[in-house]
Amino acid sequence: MMRNQRGFTLLEVMFALGILIVGTYLAAEGVNQIEDLSKDTRTLSATERQINLIVDNIRTGLGNYQISYDYSREAKEELLDLKKLPMAWAAGVVEEVAKCEPKKTCPQGRYGFVVQPVERFRGLYTVTLRMTHKDWKEPYRDYEFLVTVQ
């Protein structure tokens with residue numbers, strides 16, 4: 001009787017195939033999650049670099065920027081309207097939205113900022129930076145920092 005058994009039963013083959021399919025599916029999902037995490041990390045790193053560049057440019061050239069003396073929330077929101085943000089950014093790329101060439105796609109991030117003097121502190125300014133990016137879950141992120149006249 002032992003000599004006549006030469007292969008696997010249909011049930012054994014189906015079970016092995018099921019395990020193989022589940023393992024392949026889990027491996028593919030793991031690769032997708034790693035790719036998503038890598039993309040998020042690259043965007044976050046580019047964001048941090050971009051913020052540092054903007055802050056450094058504002059600090060060194062504060063006299064070149066227009067100062068807003070309107071302290072109302074409505075005025076700030078109007079200046080930082082998402083549809084009117086003047087600068088486009090991506091990892092290593094910054095350009096004015098108005099100068100994006102029609103044939104080439106503009107970077108997917110936008111930013112703009114408002115510079116306001118701090119009341120009662122001469123020479124101290126608050127900068128509100130609003131940034132957007134298509135890969136972010138939230139529509140925008142605001143960053144506030146202080147700069148001084150040099």
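This briefing describes the fold, the surface and a few selected contacts of one protein chain. The model is predicted, and its secondary structure comes to 2 helices and 5 strands, which follow one another along the sequence in the pattern α-α-β-β-β-β-β. The radius of gyration of the chain is 27 Å, whereas a compact globule of 150 residues would have a value near 15 Å.

**Overall dimensions and surface**

- Along its principal axes, the C-alpha trace of the protein chain spans about 100 × 40 × 30 Å.
- Of the 150 residues in the protein chain, 27% are buried, and the accessible surface comes to about 11,500 Å², with 57% of that area belonging to carbon and sulfur atoms.
- Among the contacts that join residues at least 6 apart in sequence, 50% are between residues at least 24 apart.

**The loop between α1 and α2: S68**

- S68 is placed in the loop that runs between α1 (10-60) and α2 (73-79), and with a relative accessible area of 13% this residue is buried, since the cut-off for that class is under 20%.
- Once its neighbours within four places in sequence are left aside, S68 is in contact with L79, V114, V115, Q116 and P117.

**Aromatic pairs**

- The structure holds 2 aromatic pairs; one of them is formed by Y65 and F113 in an edge-to-face arrangement, with 5.2 Å from centre to centre and 80° between the planes.
- Because Y65 lies in the loop between α1 and α2 while F113 belongs to strand β3 (residues 109-117), this pair ties together parts that are 48 residues apart in sequence.
- Both partners are partly exposed, Y65 with a relative accessible area of 30% and F113 with one of 26%.
- W89 and W136 form an aromatic pair that is tilted, the centres lying 6.2 Å apart and the planes making an angle of 50°.
- W89 is found in strand β1 (residues 87-90) and W136 in the loop between β4 (124-133) and β5 (141-148), so that this pair ties together parts 47 residues apart in sequence.
- W89 is buried, with a relative accessible area of 0%, and W136, at 10% relative accessibility, also counts as buried.

Terms used
Residues numbered from 1 in each chain as written. Predicted model: local features only at pLDDT ≥ 70, side-chain atom pairs only at ≥ 80, totals over all residues. Heavy atoms only, no water. Helix = DSSP H or I, 4+ residues; strand = E, 2+ residues; numbered from the N terminus. Rg over C-alpha atoms; globule rule 2.2 N^0.38 Å. Buried < 20%, exposed > 50% of the residue type's maximum accessible area, 1.4 Å probe, protein only. Contact = heavy atoms within 4.5 Å. Areas by Shrake-Rupley, 256 points an atom, 1.4 Å probe, with all protein chains shown as cover. Phe/Tyr/Trp six-rings, centres within 6.5 Å; stacked < 30°, edge-to-face > 60°.
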